[in-house]
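Visitor: I am new to reading protein models, and I would like to be walked through this one with some questions. Could you look at it together with me?

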Number of protein chains: 2
Amino acid sequence: MTAEIISVGTELLLGGTVNSDAQIVSEKLSELGINVYYHTVVGDNDARLMDAVRIAANRADIIITTGGLGPTYDDMTKETLAKAFGKPLVLYPEEEARVRAWFSGAGFSFTENNLRQAYFPEGSEILANPIGTAPGCAFHSDLGGKRIAVIMLPGPPRECRKMMYEQAAPFLKKLAGMGEIVSRTLFIFGMGESAVEDKLRDYMRSLTNPTLAPYAKPGEVQLRVTAKADTHALAEEMIAPVIERVQSVLGDAVYGVDIGSLENCVLKLLRERGKTLCAAESVTGGLIAKRITDISGCSDVFRGSAVTYSDRAKIELLGVAPETIAEHTAVSEQTVIEMAAGALSKFDADYAIAVTGFAEGEGNTFIAAAERSSGKDTFNFRFDTREIPLGFDRERSRAMAAHMAFDMLRRMILAGG
Amino acid sequence: MTAEIISVGTELLLGGTVNSDAQIVSEKLSELGINVYYHTVVGDNDARLMDAVRIAANRADIIITTGGLGPTYDDMTKETLAKAFGKPLVLYPEEEARVRAWFSGAGFSFTENNLRQAYFPEGSEILANPIGTAPGCAFHSDLGGKRIAVIMLPGPPRECRKMMYEQAAPFLKKLAGMGEIVSRTLFIFGMGESAVEDKLRDYMRSLTNPTLAPYAKPGEVQLRVTAKADTHALAEEMIAPVIERVQSVLGDAVYGVDIGSLENCVLKLLRERGKTLCAAESVTGGLIAKRITDISGCSDVFRGSAVTYSDRAKIELLGVAPETIAEHTAVSEQTVIEMAAGALSKFDADYAIAVTGFAEGEGNTFIAAAERSSGKDTFNFRFDTREIPLGFDRERSRAMAAHMAFDMLRRMILAGG
């Protein structure tokens, strides 16, 4: 079975927005083992959307549209798709009731154009939208002797993702008689994609179910294991030995399964141990703090970060000795150690990471991870440092320094048990 | 003239990567006034790429491909497009020399597959790639009596952007006999897209050259003015009164022209005045510092930020009085004022912004902007505060709080003259 994604929206053609929806839907389809041969983007234009649908119907078994489901007259996806597959649009009374209730609940006066959100191609299954006003829908067509499944999802990426995962995916699984499909992602840091592939190429090729496939992300590699089986439990059983094998081959470069990111991993390790964290940042300029505080509920572990972008701030906020900076400069192993020690003390935390360096140009970056090694009264700590020569642009340098700091901390926590 | 973008790469269909190239190329085409009716994404597959090209050739005058120009056998864009338009691939000796020189310069041994990067469809103009190894190319076809221009750009977004702007755009301008096209973008904060449109709808509709078009970005609105004229100077002259008109209608909600972001605006204002900035962050968790330090060369203005995610850190690093927190809580106007004052003092800066609040749930967020109002010995400051009730998700709450903090600071600096 092959699927084609048609994203509808003039703003995509004007370059105002990147087509995240196509990525979201494709990623899930790939996990489901459904091939995607084409994406098409088309504007809010009935005739051109109709052409795109005809072309897609000719080359795919499943058409998934994103966008164009709202209440305005620009939103024409349902109308055009209904016309393309010879189905009338019909009013779904329960959806009318829902829309009217929403308006009266929100205290807005109901205008007729909002009724558009209660009309769907005849025979559609409604895909409820729990986080937006426009529902999606799905139907089957046998027009012209070819069986095609059509799924329509809303355009806002959060809504599209939720509905693709929670409603379109079960619809597709049923369609394909698929049973259960389970995926697990291994997160890897400190080893490039080609090194990972070198170590695992033959094994990856030998697998058919589960499959094992690499995804290179900026600065790290992910490996996805996907199993298809009659039951969820069986799929899990099939996945377990693959994960074990990868972990035994790649060792501690694998920092977690389905963990999301290095900062999630670090936060989890610290929370399990009841430990707290702080940071002292120069070159990363708040990026480390931002990445940790992107995680909901981090405040039980994270105490804060001193972003010290001047020598004076390093001295005043972190207690770095002026002599250290004078003698070794602000970008040195000595300074980064004092930054880490100062952060441990000022934030009263158990662990600290510190980074100082140059985001651009020739200079190196120094990273320290520090652990308070004794009680609250006597202040001692142990640390690791690393010097990294960075040849990237500003954004990638900073991202890589943050990655490396989190990874150093992870290894330090694990070494401590 | 209409253009169609074909992005080539199986990784896009697997959902591993979002199609940034299509956005980059579309944005520039929109600025050039060239209509785009479709984007297509197709994998590294000769037959399917060929189909996509045939469909595009039928409905567009210009085909721009992105991706598939590298040296491996997966990279087939040039081969397939040459075949589609009946042109042989020919060796360009100067490109062969360039590739061989690159390999000997880098100390790598030359392998034959790299010669692929020196072959192009006959009659192609080479589009040099100053930041990557694979050049692009462009040619004209009159196959089947229809004149079509074909442009091929590399896949890595940085390379695609640079070559679209610096080489494909001049090629397209020449093609269209366009003269000069100049765009200016007005950046607006504190007014929603619909409010902006209400005030400017009739004016926008009355304009044909220059044109005036809104772009909604998360949390702000941009208006783009685009003029076409025989000379650059003439286009600039045509744009000036439109900018004036928009500024007079929208007032100080317009924070800059081609300024990029609120943090860029603030940094520029401070630099012009020789003033320095620091921050004290709770709920934004380093996002304010991160956004400023994303800007290259910010260190002459920015002193740092204290990211204080615990009460103790607010007291220890910023000197907030324990009684203030005890009496008013850490999320209060009183606390945010003391955070701002503490930051001014600790970082020895001229201006501070401070934010405390809740990223999720019901609570409000308090923002302060503060200006040191006297010399270094006596410490006085004046401040503005704002309380914002936020109903967004974590990411948007934090982004909006940072936006508002920058905007408050901007208004304070401007009010100070």
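Guide: What follows is a set of questions and answers about this predicted model.

Visitor: How many residues of chain B are in contact with chain A, and how much area do the two chains bury between them?
Guide: On the side of chain A, 63 residues take part, and they are in contact with 63 residues of chain B. Of the area that the two chains bury between them, 55% lies on carbon and sulfur atoms, and the total comes to about 4900 Å².

Visitor: Which three residues supply more of the area that chain A buries against chain B than any other three?
Guide: The share that these three supply is 12% of the area that chain A buries against chain B.

Visitor: Which residue of chain B is the bridge partner of A306(A)?
Guide: Strand β14 of chain A, residues 302-308, is joined by five bridges to strand β14 of chain B, and the two strands run antiparallel. Within this pairing, the partner of A306(A) in β14(B) is A306(B).

Visitor: How are the two copies related to each other?
Guide: Chain A is superposed on chain B by a rotation of 180° with 0.2 Å of shift along its axis, and the RMSD is 0.3 Å. The two copies are thus related as by a two-fold rotation axis. The interface residues of chain A are, to 100%, also interface residues in chain B, so the copies meet through the same surface. The relation asked for is therefore that of a two-fold rotation axis.

Visitor: Is the peptide bond from N209(A) to P210(A) cis or trans?
Guide: P210(A) lies in the loop between α7 (193-206) and β10 (211-217) of chain A. In chain B, the bond from N209(B) to P210(B) is cis, with omega near 5°. For the bond from N209(A) to P210(A), omega is near 0°, and the bond is cis.

Key: Residues numbered from 1 in each chain as written. Chains lettered and ligands numbered in written order. Predicted model: local features only at pLDDT ≥ 70, side-chain atom pairs only at ≥ 80, totals over all residues. Heavy atoms only, no water. Contact = heavy atoms within 4.5 Å. Buried area = accessible area lost by both parts, 1.4 Å probe. Pairing = 2+ DSSP bridges. Helix = DSSP H or I, 4+ residues; strand = E, 2+ residues; numbered from the N terminus. Least-squares fit on C-alpha atoms with pLDDT ≥ 70 in both.
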